[in-house]
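Visitor: I've got a few questions about this one. Can we go through them together?

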Amino acid sequence: MTGSDDTSPLPPDTKLTRTKQTWARQGKFLTGRHARPDSERLPPGQHIVKDWPVLDLGVVPSITRDHWRLDVGGAVEHPISWNWMEFEAQPQTQEVSDIHCVTTWSRYDNQWQGLATRDLLAKVMPSDDAAFVILTSYDGYTTNLPLEDFAAEDAMIAHSWQGQPLPAEHGGPARLVVPHLYFWKSAKWLQKIEIATRDHPGFWEVRGYHNRGDPWAEQRYSE
Ligand SMILES: Nc1nc2c(c(=O)[nH]1)N[C@H]1C(S)=C(S)[C@@H](COP(=O)(O)O)O[C@H]1N2
Ligand SMILES: [Mo]
């Protein structure tokens, strides 16, 4: 798979997956403007939607709460392997935040509930040289982000949206939510969190998308 040594099986390419790779090559949607989060709520080149689009590799993995597990390991003192009951018993956080998808839609005021990534990190205790987080999902999707971004105050592993269990098409049983980065960093159907000392670009990051993905800096594509 295009420079990735990930062994998880991936669904076959869809038309949208191919189109998004073409956009990365062409630099589509780049405005060249640059705004800061505190001065402008809507990042450059984005427009607001009221409904919630579904974007993924085209296959919803059949993972239910009874068979779900979450593994957290790598450069940590206390690795974790939770079943659903153990995950649900963790301290609960609620946040309202905005979604910014690299395909230019943004959706305001999403209410999430779940386990704050900071509370998770306090349990696993990353080692001093830990600097990256690699996420693997039940559909074979992977994505990477700096530990500092993963640990953002409003980032969480969410199991509920607007007070209801997260729908399967949006990543239920549980997904990551990192509101200050483009939404492709927010892995749906989360299966594994690896804390790492080295970076490891994921599915979109090896297909022309930016390694970090800050919407206000319009970090849509790699150079
Ligand atoms: N497991 C998994 N997570 C994923 C994806 C995916 O294909 N598989 N797509 C990403 C992309 S590109 C986006 S824009 C968001 C879309 O989330 P939504 O379908 O809930 O809007 O999920 C992200 N997380
Ligand atoms: Mo996306």
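Visitor: How far is a backbone N or O atom of L57 from an oxygen atom of ligand 1?

Guide: Keep in mind that this is a predicted model, so every value here is computed from it. N and O atoms count as a polar contact when they lie within 3.5 Å. For the backbone of L57 and an oxygen atom of ligand 1, the distance is 3.1 Å.

Visitor: And how much of ligand 1 does the protein bury?

Guide: Taken alone, ligand 1 exposes 540 Å². Of that area, the protein buries 99%.

Visitor: What sort of residues make up the shell around ligand 1, and how many are charged?

Guide: Ligand 1 sits in the largest cavity, and 21 residues surround it, with P53, D139, H170, R175 and K188 the closest. Sorted by type, the shell has 13 nonpolar residues and three polar ones. The charged ones number five.

Visitor: What kind of aromatic pair do W68 and W84 form?

Guide: There are 13 aromatic pairs in the count. In this one, W68 and W84 are 4.8 Å apart centre to centre, with 75° between the planes. Planes over 60 degrees apart fall in one class, so the pair is edge-to-face.

Visitor: Where is W84, the partner of W68?

Guide: The pair links distant parts of the chain, 16 residues apart. W68 is in the loop between β1 and β2, while W84 is in helix α2.

Visitor: Which peptide bond is cis, with omega near 10°?

Guide: Most peptide bonds are trans. P173 is in the loop between β9 and β10, and the cis bond runs from G172 to P173.

Methods:
Residues are numbered from 1 along each chain as its sequence is written. Chains are lettered from A and ligands numbered from 1 in the order in which they are written. This is a predicted model: local features need pLDDT of at least 70, side-chain atom pairs count only at pLDDT 80 or more; totals for chains, interfaces and linings use all residues. Side-chain values use heavy atoms; hydrogens and water are left out. A residue is near a molecule or strand if one of its heavy atoms lies within 4 Å of it. A polar contact is a pair of N or O atoms within 3.5 Å; within protein, one must be able to donate a hydrogen and the other to accept it, and residues adjacent in sequence count only if both atoms are side-chain atoms. Accessible areas come from the Shrake-Rupley method with a 1.4 Å probe; for residues, only the protein chains shown count as cover. On a 1 Å grid over the protein atoms alone, a cavity is a set of points where a 1.4 Å probe fits but cannot get out, and a pocket is an open set with protein on both sides within 12 Å along at least five of seven lines; lining residues have an atom within 4 Å of a point. A molecule sits in a cavity or pocket if more than half of its atoms lie within 2 Å of its grid points. Ala, Val, Leu, Ile, Met, Phe, Trp, Tyr, Cys and Pro count as nonpolar, Asp, Glu, Lys and Arg as charged, and the others, Gly among them, as polar. Rings of Phe, Tyr and Trp (its six-membered ring) pair if their centres lie within 6.5 Å; planes under 30 degrees apart count as stacked, over 60 as edge-to-face and the rest as tilted. Helices (H or I, at least four residues) and strands (E, at least two) are DSSP runs, numbered from the N terminus.
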